[in-house]
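Subject: Handover of a two-chain model

Dear colleague,

Please find below the structure that I am handing over to you. A summary of the findings follows it.

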Amino acid sequence: MLLRAAWRRAAVAVTAAPGPKPAAPTRGLRLRVGDHAPQSAVPADTTVAPEAGPVLRPLYMDVQATTPLDPRVLDAMLPYLINYYGNPHSRTHAYGWESEAAMERARQQVASLIGADPREIIFTSGATESNNIAIKGVARFYRSRKKHLITTQTEHKCVLDSCRSLEAEGFQVTYLPVQKSGIIDLKELEAAIQPDTSLVSVMTVNNEIGVKQPIAEIGQICSSRKVYFHTDAAQAVGKIPLDVNDMKIDLMSISGHKIYGPKGCVIWVYTLWNARALMGSHSPVPFFRFGIGRFTTEEEVDYTVEKCIQHVKRLREMSPLWEMVQDGIDLKSIKWTQH
Amino acid sequence: MVLTDMSVDLSTQVVDHYENPRNVGSLDKTSKNVGTGLVGAPACGDVMKLQIQVDEKGKIVDARFKTFGCGSAIASSSLATEWVKGKTVEEALTIKNTDIAKELCLPPVKLHCSMLAEDAIKAALADYKLKQEPKKGEAEKK
């Protein structure tokens, strides 16, 4: 498609630029080669003309915040933005039918990603909306009989804010602390469940520290105590295996723009109102994810990792702090000169 | 691999010092002929350690540096070690941060790196001078 070709040309231009580069996989890297004279602080003319030329942008590593749109996703979306623009709910004509067919295909794809039935997928505007719907929806639905919810202190802000607004409505919320590893204590969770608990919400993978919560075990606990289990899986979907049936997840929030999809358009909430049989899963080991972004082939990942390791080692050897640590000096004890 | 300091291009000189730094390493800080300067703070993002070795005639014969910081900080301290070599202790005091900044074409946002390099030189010289006074023989850890 046109855009993919354009990106390939840009990638070629980057690799052709002067600079020490072995055959680097640069598919889709949005770099523009900068070639204008560097500014010097000492002369007075430090203003840069707006058209001074393209600038090298910093490497993007904040992948946990959001991801760039994958060209293949854009390719898949474009026809429905340009040609096949019917409303999927227009039942009476071909434009509507073809859009509906596409939407159902997307629904099926999401469902198979998480082991759910397509009828259990709902599209919303984002994981934030999904979290709000799940938490406030379940809480208010059972308001007459159950007034207690459980969540963790390390949840995403939208989850914590939803809980806070429910507290203002008269609900009671327990915010479970996490251990040093970042993972909740399952015994504390069990102890916190009361007869009037309607929902437990624990995110699958934390967006700031990357720890994986023991979702299968939490699902088992919730299912045995007849409490609904919601998980914010925005950071986990597509990255670790998930099965909503095996893990006894009742509600799950997913975020499209964390997995190279568009922002604000296609996010999914999964709802399930039945209990399922549990199959055991091993307890997840915490790990810290280092976002290296949209490098998706093994070759690209290996290359990026090698580069990172190489440069980090070099910088470490150049660092006086590392030298002091190796000599056994406690860095906290040093009085630094102010500047 | 090219680093970008935010949206500012690194000059070729800075890139050169980053890719091929001169005089990275350490001298024996317990030696009487070695002056060690440690300036900056991790919280500020730049820490420089600069060491000079001085012969009996007062001439700097060797210099080493280690820096934790951005490309401009590494380049400034690398250049500083190049410049102090061969100078006497008095001559080295005349090295100014503006000279370093001009040589490396540092943009305004990176001027503090050259200032820190000048501080590092001065700190190393001060430490060396301190060691030459027999009564106050203890090199203070800053």
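How much accessible surface does chain A have, and what share of it belongs to carbon and sulfur atoms? The accessible surface of chain A is about 18,800 Å², and carbon and sulfur atoms account for 58% of it; such areas come from the Shrake-Rupley method with a 1.4 Å probe, and for residues only the protein chains shown count as cover.

Conventions

The model is predicted, so local features need pLDDT of at least 70 and side-chain atom pairs count only at pLDDT 80 or more, while totals for chains, interfaces and linings use all residues. Residues are numbered from 1 along each chain as its sequence is written, chains are lettered from A and ligands numbered from 1 in the order in which they are written, and side-chain values use heavy atoms, with hydrogens and water left out.

Confidence

The model has an ipTM of 0.81 and a pTM of 0.53. The mean pLDDT (the predictor's confidence in each residue, from 0 to 100) is 78 for chain A, where 74% of the residues score at least 70. In chain A, the pLDDT is below 50 over residues 13-46, a stretch with 56 contacts in the model beyond near neighbours in sequence; a contact means heavy atoms within 4.5 Å. Residues 266-290 of chain A also have a pLDDT below 50, and this stretch has 89 contacts beyond near neighbours in sequence.

Chain B has a mean pLDDT of 86, and 88% of its residues reach 70 or more. Confidence in chain B is lowest in α1(B), at a mean of 87, and highest in strand β3 (residues 60-68), at 94. Over residues 1-5 of chain B the pLDDT stays under 50, and the model has 16 contacts for them beyond four places in sequence.

Overall organisation

Chain A contains nine helices and seven strands; helices (H or I, at least four residues) and strands (E, at least two) are DSSP runs, numbered from the N terminus. Of its 339 residues, 42% are buried, where buried means under 20% relative accessible area, exposed over 50%, and partly exposed in between (1.4 Å probe, protein chains only). When contacts in chain A between residues at least 6 apart in sequence are considered, 63% join residues at least 24 apart.

Chain B has five helices and three strands, in the order α-β-β-β-α-α-α-α from the N terminus. Buried residues account for 51% of its 142 residues. Among its contacts between residues at least 6 apart in sequence, 61% join residues at least 24 apart.

Helix α2(A) has twelve residues (71-82), and at 1.5 Å a residue it should span 16 Å; its end C-alpha atoms are 16 Å apart, which agrees. The expected span is 1.5 Å times one less than the number of residues. Its buried residues are Pro71(A), Leu74(A), Asp75(A) and Leu78(A). They cover an arc of only 100 degrees around the axis and therefore lie on the same side of α2(A); the arc is that of the directions from the helix axis to the C-beta atoms. At the start of this helix, a side-chain oxygen of Asp70(A) comes within 2.8 Å of the backbone nitrogen of Arg72(A).

Helix α8(A), with 20 residues (298-317), should span 28 Å at 1.5 Å a residue, in agreement with the 28 Å between its end C-alpha atoms. Glu300(A), Thr304(A), Lys307(A), Cys308(A) and His311(A) are buried in it. The face turned away from the buried side carries the exposed residues Glu298(A), Glu299(A) and Glu306(A). The cover over the buried residues of α8(A) includes α1 (12-19) of chain B.

Backbone points in loops

Most residues other than glycine have a negative phi. Lys226(A), which is not a glycine, has a positive phi near 60 degrees. Lys226(A) sits in the loop between α7 (215-224) and β5 (228-232) of chain A and is exposed, because its relative accessible area is 68%. Cys105(B) also has a positive phi, of about 55 degrees, without being a glycine. Cys105(B) belongs to the loop between α4 (97-104) and α5 (111-132) of chain B and is buried, with a relative accessible area of 18%.

Yours sincerely

Notes: Polar contact = N/O pair within 3.5 Å; in protein donor to acceptor, adjacent residues only side chain to side chain.
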